[in-house]
Amino acid sequence: DSCPNDLNKTSPGICGCGILETDNDNDGYDTECDNDCNDTNTDINPGAEEVCDGIDNNCNEETDEDLRF
């Protein structure tokens, strides 16, 4: 099961939204239902902590939010 964080999945390997899940970087977040915005980097996913690096680490469409420079 590549998406253990999807509470609405219909069965292992099938997202709650009813489509086959894809987790290419094996970080536990898929692109289809968990909205992993970079499925090639394990450090970038909806559950990641935002760090000051000019990248949207937590996939919320904001870069380096709430961080001091």
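## Close-up views of a predicted model

**View 1. Contacts around E50.** Setting aside neighbours within four places in sequence, E50 is in contact with I55, D56, N57, N58, E62, T63, D64, E65 and L67. The model shown is predicted. E50 has 9% relative accessibility and counts as buried, because the cut-off for buried is under 20% relative accessible area.

**View 2. D64, a contact partner of E50.** D64 is buried, with a relative accessible area of 7%. Its backbone also deserves a look. Phi of D64 is near 55°, a positive value in a residue other than glycine.

**View 3. Contacts around D36.** D36 is buried, with a relative accessible area of 5%. Leaving out neighbours within four places in sequence, D36 contacts D25, D27, Y29, D30, T31, I44, N45, P46 and C59. The side chain of D36 reaches the backbone nitrogen of N38 at 3.1 Å. D25 is one of the contacts of D36. From C-alpha to C-alpha, D36 and D25 are 9.9 Å apart in space, and they are 11 residues apart in sequence.

**View 4. N35, with a positive phi.** Phi of N35 is near 60°, and N35 is a residue other than glycine. N35 is exposed, at a relative accessible area of 51%. D64 likewise has a positive phi, near 55°, but D64 is buried.

**View 5. Contacts around D39.** D39 is buried, with a relative accessible area of 8%. Not counting residues up to four places away in sequence, D39 touches T22, D23, N24, D25, Y29 and T31. N24 has a backbone nitrogen that the side chain of D39 reaches at 2.8 Å.

**View 6. The disulfide between C37 and C59.** The count comes to 1 disulfide. It joins C37 to C59, with an S to S distance of 2.2 Å. The torsion about the S-S bond is about -75°, so the disulfide is left-handed. C37 is partly exposed, at 47% relative accessibility. C59 is buried, with a relative accessible area of 17%. Another cysteine, C52, is partly exposed, with a relative accessible area of 45%.

**View 7. The protein as a setting for the close-ups.** There are 0 helices and 0 strands in the protein. The protein has 69 residues, and buried residues make up 35% of them. Of the contacts with a separation of 6 or more, 10% are between residues 24 or more positions apart. The protein exposes about 4,400 Å², and carbon and sulfur atoms supply 45% of that area.

Key
Residues are numbered from 1 along each chain as its sequence is written. This is a predicted model: local features need pLDDT of at least 70, side-chain atom pairs count only at pLDDT 80 or more; totals for chains, interfaces and linings use all residues. Side-chain values use heavy atoms; hydrogens and water are left out. Buried means under 20% relative accessible area, exposed over 50%, partly exposed in between (1.4 Å probe, protein chains only). Contact means heavy atoms within 4.5 Å. A polar contact is a pair of N or O atoms within 3.5 Å; within protein, one must be able to donate a hydrogen and the other to accept it, and residues adjacent in sequence count only if both atoms are side-chain atoms. A disulfide is a pair of cysteine sulfur atoms within 2.5 Å. Helices (H or I, at least four residues) and strands (E, at least two) are DSSP runs, numbered from the N terminus. Accessible areas come from the Shrake-Rupley method with a 1.4 Å probe; for residues, only the protein chains shown count as cover.
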